[in-house]
Amino acid sequence: MAIAKAERLMNLALCLLGTRRPLSKRELRESIEAYLEAGSDDSFNRMFERDKDDLRELGLVIETVENLDGEVGYLARRDSNRLPPVTLDAEEAAALGLAAKVWQQARLAGAASGALQKLRAAGLPEDFDPHEAHGALEPHIPVHEAAFEPLMLACRDRRPVVFDYRKATAAHPETRQVEPWALECWRGHWYLAGWDRDRGAERVFRLSRITGRVRSRAGRYTAEVPDVVTVRETVASWAGEIADRSALIRLRTGSGYPLRAKAVSVRELGDGWDELEIPYGHGLDAWLVEFGPDVVVLEPAELRADVVDRLRAVAKG
């Protein structure tokens, strides 16, 4: 059935693009075999209207013209359905090639390669090789989480999802109903920003903490989706990239180089310890836990308590 419809749509598109004058419904019906096989005029009319709407949704510009006798005809002018040539300079072509190489290790590799082939056919320089090295650094975004692909598709299709999520401070996962907005990669970890239906607020979820399968749910979004900039700012804030305060920690000498790179000041305490002042934003407690016994939080008190709670949750398993 799907093949038959695709063939019917292709035939209709060819008829409309190939004519120099508007064709009436009668003429189109006589020209396309699938329309001749329609059982009745009503069946043909319904089929034709659906096909016409489908072609327009696919981007074909179909004009409706009425002649002097009042008969309605249809055509798709070639000049109205021709895209301008794609022109890319060397830097733009290189940027596209690097973007495609980023996804070579992910499930998007096929789509990225296909997109480059289409651009090449539309004007991408023939001598440009997207797989050629463009520098000493190899671009790569790691995607190891099984939840990435279903969440990416859900973000694209604006489809609510349900998944089990284990917070860093919790021993067991809990079910979350989310309207996904966007995926962002920060410090090598993927995060999902979206609307948490149960809590009635926006939330950010680290994909590595999603357990089990991501399940799709029918229905529309209940909350307005913010613009991309707002979503990215939310992800950055929840991932600890936006800091509005400072924290004081003790760090074992010779360890914690990522923390030292972010430190505002460093003071040697002796006995194998240093004192660091570092920016304090949302998510810092989870980051500090990753350094285990090499870090001791001095202040503020709420950060120290959060880190202790996380360590206890890890100890309980």
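The structure is a predicted model, so local features need pLDDT of at least 70 and side-chain atom pairs count only at pLDDT 80 or more, while totals for chains, interfaces and linings use all residues. Residues are numbered from 1 along each chain as its sequence is written, and side-chain values use heavy atoms, with hydrogens and water left out.

To start with the sheets, 5 strands make up an open, antiparallel sheet in the order β7-β6-β5-β4-β8. At its edges sit β7 (201-206) and β8 (210-216), each pairing on one side only. On average, neighbouring strands here are turned by 45° against each other, direction ignored. Helices (H or I, at least four residues) and strands (E, at least two) are DSSP runs, numbered from the N terminus, and two strands pair if DSSP finds at least two bridges between them. Inside this sheet, β4 (residues 161-165) and β5 (residues 174-186) pair in the antiparallel sense over 5 bridges. One spot to look for is Tyr165, whose bridge partner in β5 is Glu174.

Then there is helix α7 (residues 148-157), which lies across β4, β5, β6 (189-196) and β8 and runs at about 90° to β5. Angles like this run from 0 to 180 degrees between N-to-C directions, using axes that are lines fitted to C-alpha atoms, for helices over the stretch in contact. The buried residues of α7 are Phe148, Leu151, Ala154 and Cys155. Seen down the axis of α7, these buried residues fall within an arc of 130°, so they line one face of the helix; the arc is that of the directions from the helix axis to the C-beta atoms. Buried means under 20% relative accessible area, exposed over 50%, and partly exposed in between (1.4 Å probe, protein chains only). What covers the buried residues of α7 includes β4, β5, β6 and β8. Just after the helix, Arg158 takes a positive phi of about 55°.

A second open sheet has 3 antiparallel strands in the order β1-β3-β2. Its edges are β1 (23-24) and β2 (63-66), each with a single partner strand, so one side of each has no neighbour in the sheet. Strand β2 runs antiparallel to β3 (residues 72-75), joined by 4 bridges, and Glu66 has Val72 as its bridge partner in β3.

Finally, Arg29 sits in helix α2 (residues 25-31). Arg29 is buried, with a relative accessible area of 18%. Not counting residues up to four places away in sequence, Arg29 touches Tyr35, Leu36, Ala38, Ser40, Asp41 and Phe44, where contact means heavy atoms within 4.5 Å.
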